[in-house]
Amino acid sequence: MSTKTVAFAGNAFITTASAGASEVINNNGLANWNSASTITSAYFCMASTGSVTIGLNAYLAGSNNSTIKVTVNGTAFTVQLAGTTPKTYPVGTINVAALGYVKVDLQGVTKDGAYFGYVSSLSMTMASAINFANDPANYYWSCCGPSVHMTYTVPANSEYFYNKVTVPVGQDAEKYGIQVIFA
């Protein structure tokens with residue numbers, strides 16, 4: 001078993017936010033989290049199936065206690081946050097039955113002050129290897145969509161130019177955009 005820390009800075013996104021929401025993900029993680037309607041999602045990729053024990057590295061500022069819902073691949077857990085000292089809060093253990101990405105959603109339930117908490121990362125203990133963005137100098141590029149840049153010098157007097165991209169069956173779930181630039 002090994003324990004890995006998956007930083008929110010390079011692996012999480014605010015996936016649902018109300019108009020005027022103040023939540024942000026910065027180099028320190030999830031900050032300014034004050035809306036119960038905001039959902040933040042973190043992702044990591046499992047290399048094999050098996051159980052994963054998840055913890056939340058967090059602390060409070062502007063509140064003394066808060067309750068948050070953590071949903072991992074559809075299984076919901078309730079976590080109580082208390083205290084201004086950063087620590088790992090146990091979330092729970094799930095069994096990952098299929099290879100691929102695991103989604104971890106956070107949503108605020110109750111708070112006695114201004115914020116639900118500040119979350120820097122996930123702490124995960126598992127036997128499987130995982131993939132995630134773990135190079136702080138390149139978090140910006142980790143959060144960008146995958147892209148391939150192709151340029152062509154079109155021969156003089158060309159009347160037609162043809163290019164074909166084949167997307168394997170089942171790999172088009174997000175409907176990728178394709179852009180061709182002619183030089």
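**Core and rings in a predicted model**

Student: Which residues have the most contacts inside the largest nonpolar core?

Tutor: F44, V52, L56, V70, L122 and M124 do, in a core of 33 residues. A nonpolar core is a set of buried Ala, Val, Leu, Ile, Met, Phe, Trp, Tyr and Cys residues joined through side-chain atoms within 4.5 Å. Buried means under 20% relative accessible area, exposed over 50%, and partly exposed in between, with a 1.4 Å probe and protein chains only.

Student: Which elements give two or more residues to this core?

Tutor: β4 (29-33), β5 (39-46), β6 (50-59), β7 (65-72), β8 (75-82), β9 (87-96), β10 (100-111) and β11 (117-126). Strands (E, at least two residues) are DSSP runs, numbered from the N terminus.

Student: And how are the residues numbered, and what kind of model is it?

Tutor: Residues are numbered from 1 along each chain as its sequence is written, and side-chain values use heavy atoms, with hydrogens and water left out. The model is predicted: local features need pLDDT of at least 70, side-chain atom pairs count only at pLDDT 80 or more, and totals for chains, interfaces and linings use all residues.

Student: Back to V70. What is V70 in contact with?

Tutor: Leaving aside neighbours within four places in sequence, the contacts of V70 include L56, F77, V91 and L106. Contact means heavy atoms within 4.5 Å.

Student: New topic. How many aromatic pairs are there?

Tutor: Four. Rings of Phe, Tyr and Trp (its six-membered ring) pair if their centres lie within 6.5 Å; planes under 30 degrees apart count as stacked, over 60 as edge-to-face and the rest as tilted.

Student: Why is the pair of W33 and F116 tilted?

Tutor: Their planes are at 45°, so the pair is tilted, with the centres 5.4 Å apart. W33 lies in strand β4 and F116 in the loop between β10 and β11, so the pair ties together parts that are 83 residues apart in sequence.

Student: Is W33 buried or exposed?

Tutor: Buried, at 0% relative accessibility. F116 is buried too, at 2%.

Student: What sits over the ring of F116?

Tutor: The charged end of K111, 5.2 Å from the ring centre. The rule asks for NZ of Lys or CZ of Arg within 6 Å of the ring centre and within 35 degrees of the ring normal.

Student: Which residues do ring pairs link into a cluster?

Tutor: Y59, Y115 and Y118. Y115 is partly exposed, with a relative accessible area of 23%, whereas Y118 is buried at 16%.

Methods:
Helices (H or I, at least four residues) and strands (E, at least two) are DSSP runs, numbered from the N terminus.
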